[in-house]
Amino acid sequence: MNELVTPRPQPVEEPRAARQGLRVLVVEALGPLTVLGGCVWAFAQPYRVTFFYPEGKDLWDWLVQPPLLVMVVGLVFALVVAPGVVEDLERPAEDAQG
Amino acid sequence: MPRAETAHWLFAAGFLFLGLVLLAEAIVGPSVFRLRPWRACLWPSLALFAGLWLWVITIFSTFSTLHLLAHALWAQAATAAGAIQLAVVRQRLTSPYWSLVTSGALFVSGVSFLVHEQNGWLFARSAFLHHLIGWMLVVSAVFPLGAAFRPRRAVWAFGFAATWLALAVMLFADRDIAPIFGHLSDLAGGTP
């Protein structure tokens, strides 16, 4: 041991756990942020939501409303994809602790 | 029949979902993301699904030969990339060089966007988006290209995910007739 080689100030697991925690947070946030983006878009451009301006709109205008599509995509991701990803991401840490 | 912009918004929603899936995979890494087989097959299946719908649009998009050819080319590119990646995630194909197929599909799709747009950037919003999407796809071909030669670097996965998120935003911005930065050609069928 010399002045260049010193004891590690903290265990290796701490930054690894912090990185994993950040990943969990980001994956969990993707869906809600997308839904929020759709909400902000709907308020910024209400004319793109047929519910707000229903006059003279056809069936496709009612079926396909871009800000609502963004919200639906965010919801599907948050409810279908993200929970399993987070569960799988946390599993090795739990196994290691157990 | 839906308007062209309606079909583009539906594809934008699909690409937004694809982008989120790829971004999640880039964040947690393929080793975690592909623990569940259905999740591993998600993006190749979405590419195949997009290819299938692009074939449907090719059949019904008969208003111009150029558009018909462009949609047919995108359909082929999506189908080929999806099928190859499905074989990769199912470990029927193991070489990282199969990512070159995805790279080629992006490049050819981008060139197709650029070639089939006959008007300048500021002709109308749709023309602007054709140029922007075309160049973005051509440049984005570098991400799967990099993944073929340096598969362990995360930057390729993040770049690939960002490509689909950007494509979704651009397609959501598309309108059949709309100005771009205050410009709209009289020949586009509207007034600025």
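How many residue pairs are in polar contact between chain B and chain A? The count is seven, with both residues at pLDDT 80 or more. Keep in mind that this is a predicted model.

Start with what chain B brings to chain A. Helices α1 (4-28), α2 (30-33) and α3 (37-40) of chain B each supply at least two residues of the side that touches chain A. Of these, α1(B) gives the most, with twelve residues. By class, this side of chain B has 20 nonpolar, one polar and five charged residues.

Now take both sides together. The contact draws 26 residues from chain B and 25 residues from chain A. Between them, the two chains bury about 2,200 Å². Carbon and sulfur atoms account for 75% of that area. In chain B, Leu20(B), Ile27(B) and Phe172(B) lose the most area to chain A. Together they make up 23% of what that side buries.

Charged pairs also span the interface. Five salt bridges are counted between chain B and chain A. Over all chains, the whole structure has ten. One of the bridges pairs Asp58(A) with Arg3(B), at 3.5 Å from N to O. Asp58(A) sits in the loop between α1 (13-44) and α2 (59-63) of chain A, and Arg3(B) sits in the segment before α1 of chain B, so this pair joins two chains. Another salt bridge links Glu87(A) to Arg36(B), where the closest N and O atoms are 3.3 Å apart.

Next, turn to a helix pair within chain B. Two packed helices are described by the angle between their axes and the distance between the axes. Here the helices are α7 (residues 125-140) and α9 (residues 154-172) of chain B. Their axes come within 11 Å and cross at roughly 175°. Angles over 145 degrees count as roughly antiparallel. α7(B) and α9(B) are therefore roughly antiparallel to each other.

Which residues meet between α7(B) and α9(B)? From α7(B) come Leu129(B), Leu132(B), Ile133(B), Met136(B), Leu137(B) and Ser140(B). They meet Thr163(B), Ala166(B), Leu167(B), Met170(B) and Leu171(B) in α9(B). By class, this contact has nine nonpolar, two polar and no charged residues.

Definitions and conventions:
Residues numbered from 1 in each chain as written. Chains lettered and ligands numbered in written order. Predicted model: local features only at pLDDT ≥ 70, side-chain atom pairs only at ≥ 80, totals over all residues. Heavy atoms only, no water. Axes fitted to C-alpha atoms, helices over the stretch in contact; angles between N-to-C directions. Helix = DSSP H or I, 4+ residues; strand = E, 2+ residues; numbered from the N terminus. Parallel < 35°, antiparallel > 145°, perpendicular 65-115°, else oblique. Contact = heavy atoms within 4.5 Å. Nonpolar A, V, L, I, M, F, W, Y, C, P; charged D, E, K, R; others polar. Buried area = accessible area lost by both parts, 1.4 Å probe. Salt bridge = Lys/Arg side-chain N within 4 Å of Asp/Glu carboxyl O. Polar contact = N/O pair within 3.5 Å; in protein donor to acceptor, adjacent residues only side chain to side chain.
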